Amino acid sequence: LEIAGDRPVFLDAHEYSPRQSNKIIWRLFRAPFVDWQCRTYLKKTALLSTVNNSLSKEYEREYGKKSIIIYSAPMYRKLDPGLTDNRKIRLVHHGGAARQRGLEEIINILNYLDEKYTLDLYLVALDQHSDLYLKELMDLSQRFGDRVSFREPVATDQLPKVLNQYDIGIALIQPRNFNYAHCLPNKFFEFVQARLVLASGPTPDMKALIEEFDIGIVSDDFSARALAEKISSLSLDDINRYKQNVHKSAYTLSFHESSKLLLRSVQDLIQKN
C-alpha cells in the first residue's frame, strides 16, 4: 500500500489467514497480529480475492470487505477419462503430508472396502515433522500389503496426466481448523483435470461443486467408514457416468474460466484509475 500510493492494490488473500491454525501458540501470538493486519489494511485495498464462497463470506462478515472468488485451479488439460476395470478400482490422493489433515483416515478407508480397491498416495514431506508423519502413515499402511502404495511425488504440471490412470480421487480433509473445514483445495481441481470421480467429506464448498456438476460422492461425515460406504455403493456404470460428467465440467472448473474474472477485475481497476 505504501509503495502503491494512490494506485489501486489488489490483494489475493487466498485462504482465511486469521484462523489459519488451532495451535495454542499460533492463536496467542500470531493470530492477533494477523487480525490487526486485516482490520487495518483490507479496507484500504481496491480488490480482494479468495478461493471459495465460504471464505469470501467470512472476510465480509468479519472485516466488511467483499471479495471475488478465484478457484485454486490448474489450466485446462485435454485428457479423456480413463477406462475403469471393475476388477480393480484405483483410489488416489496427493498433497502435503500434514498431520492436521488426518490422512490416516484416507488409508483407513481400505478397512471397509474389499480387495478390488487399491490406494496410491503421492505425498510430499514439507519439513522434519511432516517427514515423521509420512513414516507413520507408511507404517499404518503395512497391514494392507500391496493394496496401498506410496509413489514418488510428481511436478504439479504433470499431475493430471499421471492421475488420469486412476478412478477415484480422494479429497477427505479433516476439519481440524477453520481453513480445513472450509477448504476447496487445488487437489480437487487437479482431480477434475485428471478426469477422476471426486470423493470428499461434507466440506461445504467441495460438496456444493460435486453436487452442482454431478461429478462424484460426498460422505455423511468425515470418517473413513462413511466415505467407504459411498465408494462401495458405486457401480461400474456410476463411476463411468461420473467420469463423463467430470470431463464435461473440466473447462468450467479450470483456471481458464477463473482467469476471465481475474483479468476483467484487474482491467476494471486500471480503467477506473
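Six strands build an open sheet in the order β6-β5-β4-β7-β8-β9, with parallel pairing; two strands count as paired if DSSP finds at least two bridges between them. Helices (H or I, at least four residues) and strands (E, at least two) are DSSP runs, numbered from the N terminus. Please keep in mind that this is a predicted model, in which local features need pLDDT of at least 70 and side-chain atom pairs count only at pLDDT 80 or more, while totals for chains, interfaces and linings use all residues. Residues are numbered from 1 along each chain as its sequence is written, and side-chain values use heavy atoms, with hydrogens and water left out.

- β4 and β7 run parallel and are joined by 2 bridges, with Val-92 having Gly-169 in β7 as its bridge partner.
- Gly-169 also stands opposite Leu-198 in β8, and 4 bridges join β7 to β8 in parallel.
- α7 lies across β4, β7 and β8, at about 140 degrees to β4.

- β8 runs parallel to β9, joined by 3 bridges, and Ser-200 has Val-218 in β9 as its bridge partner.
- The chain crosses from β8 through α8 to β9 in a right-handed β-α-β crossover: with the strands pointing away from the viewer, the path from the first strand over the helix to the second runs clockwise.
- In α8 (residues 204-213), Asp-205, Met-206, Leu-209 and Ile-210 are buried.
- These four cover an arc of only 135 degrees around the axis, which puts them on the same side of α8; the arc is that of the directions from the helix axis to the C-beta atoms.
- Their cover includes α2 (53-63), β7 (168-171), α7 (186-193), β8 (197-200) and β9 (216-218).
- Just after α8, Asp-214 takes a positive phi of about 55 degrees.

**Nonpolar cores**

- The largest nonpolar core has 31 residues, of which Leu-91, Ile-109, Leu-110, Leu-113, Ile-168, Ile-170 and Ile-231 touch the most other members; a core is a set of buried Ala, Val, Leu, Ile, Met, Phe, Trp, Tyr and Cys residues joined through side-chain atoms within 4.5 Å.
- Elements that each supply at least two residues of this core include β4 (89-96), α4 (128-141), α9 (224-232) and α10 (236-249).
- Ile-170 has contacts (heavy atoms within 4.5 Å) that include Leu-91, Phe-191, Ala-199 and Ile-231, not counting residues up to four places away in sequence.
- Another core, of 27 residues, lies apart from the largest one, and Ala-171, Leu-196, Leu-209 and Ala-250 are among its members.

**The three-stranded sheet**

- Here 3 strands form an open sheet in the order β1-β2-β3, with parallel pairing.
- β1 (10-14) and β3 (68-69) are at the edges with a single partner strand each, so one side of each is left without a neighbour in the sheet.
- β2 (residues 47-50) pairs with β3 over 2 bridges, and Thr-50 has Ile-69 in β3 as its bridge partner.
- α2 packs on this sheet, touching β1, β2 and β3, and its direction makes about 140 degrees with that of β2.

Conventions: Buried < 20%, exposed > 50% of the residue type's maximum accessible area, 1.4 Å probe, protein only. Axes fitted to C-alpha atoms, helices over the stretch in contact; angles between N-to-C directions.
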